[in-house]
Amino acid sequence: MLAVLWNDYVTLMLLNAAAGLFLVACYAWWGLTDPDQKRWAPGFAASGLIALATGLHMSLTWPLDYQGGIFNIAYGETSALFGAILLGTALALWMNWGLLSIGIYSLFAAALAVVVGVRIIHLGLTAQPLLAGAGFILTGLAGAFALPVLANRDRRFLRAAGAIVLLVAVMIWVMTVYVAYWNHLIPS
């Protein structure tokens with residue numbers, strides 16, 4: 001059953017999400033006060049490009065037919081939104097624009113991630129619904145931290161709290177994705 005779910009590029013999406021979330025955590029801790037904001041743009045752009053491309057493809061083509069295709073919504077649409085946020089952040093950092101509008105947009109994507117996480121747990125979806133649901137919920141909570149952190153970038157406590165929530169989400173996604181890669185690399 002797990003092989004049917006992960007038969008596409010969800011592993012790539014999850015690894016990229018973990019890397020992108022880790023980058024956001026690093027940026028929340030070190031980057032917000034970095035005088036050279038442009039140095040952060042390439043990492044956000046790389047992760048954003050992969051998230052947006054795979055998320056849009058999954059959302060538009062529905063390659064996963066397991067459970068009626070609901071994983072195309074859960075993983076595809078959240079990845080597309082995350083990719084848009086990361087690419088928008090990259091552009092804003094590169095052009096020396098403010099990040100306020102990205103923080104506002106992130107609130108909506110964050111709320112969706114929490115809803116998806118709760119629904120995954122409620123329906124018992126995935127091989128480990130509590131772990132996957134917690135990953136989505138923590139990712140959403142971290143996204144909700146974006147606006148307060150951006151508005152109060154000098155408050156180290158807020159930045160630290162946001163970074164810690166992000167790092168816990170990263171650990172969940174890393175545990176999930178490396179087990180999935182291990183299980184998929186089996187000769188046929």
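Q: Which residues does Ser 47 touch, not counting residues up to four places away in sequence?
A: Leaving those neighbours aside, Ser 47 touches Asn 16, Gly 20 and Leu 86, where contact means heavy atoms within 4.5 Å. The model is predicted, so local features need pLDDT of at least 70 and side-chain atom pairs count only at pLDDT 80 or more, while totals for chains, interfaces and linings use all residues. Residues are numbered from 1 along each chain as its sequence is written, and side-chain values use heavy atoms, with hydrogens and water left out.

Q: Why is Ser 47 called buried?
A: Ser 47 is found in helix H3, helices being DSSP runs of H or I with at least four residues and strands runs of E with at least two, numbered from the N terminus. Its relative accessible area is 5%, and buried means under 20%, exposed over 50% and partly exposed in between, with a 1.4 Å probe and protein chains only. The value of 5% lies under 20%, and therefore Ser 47 counts as buried.

Q: What makes Val 116 buried, and which residues is Val 116 in contact with, leaving aside its neighbours within four places in sequence?
A: Val 116, whose place is in helix H5, has a relative accessible area of 11%, so the label buried applies. Leaving those neighbours aside, Val 116 is in contact with Ala 74, Thr 78 and Phe 136. The C-alpha atoms of Val 116 and Ala 132, which are 16 residues apart along the chain, are separated by 9.7 Å.

Q: Why is the aromatic pair of Tyr 27 and Phe 44 called edge-to-face?
A: The structure holds five aromatic pairs. One of them joins Tyr 27 and Phe 44, with 5.6 Å from centre to centre and 85° between the planes. The pair links distant parts of the chain, Tyr 27 being in helix H2 and Phe 44 in helix H3, 17 residues apart. Rings of Phe, Tyr and Trp (its six-membered ring) pair if their centres lie within 6.5 Å, and planes under 30 degrees apart count as stacked, over 60 as edge-to-face and the rest as tilted. Because 85° is over 60, the pair is edge-to-face. Tyr 27 counts as buried at 5% relative accessibility, and Phe 44 counts as buried at 2%.

Q: What makes the pair of Phe 71 and Tyr 75 stacked?
A: The ring centres of Phe 71 and Tyr 75 are 5.9 Å apart and their planes stand at 25°, so the pair is stacked. Being four residues apart in helix H4, Phe 71 and Tyr 75 are separated by about one helical turn, and both are buried. Ring pairs link Phe 71, Tyr 75, Phe 136 and Trp 173 into a cluster.

Q: How many residues line the largest cavity, and which lie nearest its centre?
A: The largest cavity is lined by 40 residues, of which Leu 21, Val 24, Phe 82, Ile 85 and Gly 143 lie nearest its centre. About 710 Å³ of space lies in this cavity. Helix H6 gives the most to its lining, with nine residues. A cavity is a set of points on a 1 Å grid over the protein atoms alone where a 1.4 Å probe fits but cannot get out, and lining residues have an atom within 4 Å of a point. Grid points are joined across faces, edges and corners, and the volume is the space filled by probe spheres set on the points.

Conventions
On a 1 Å grid over the protein atoms alone, a cavity is a set of points where a 1.4 Å probe fits but cannot get out, and a pocket is an open set with protein on both sides within 12 Å along at least five of seven lines; lining residues have an atom within 4 Å of a point.
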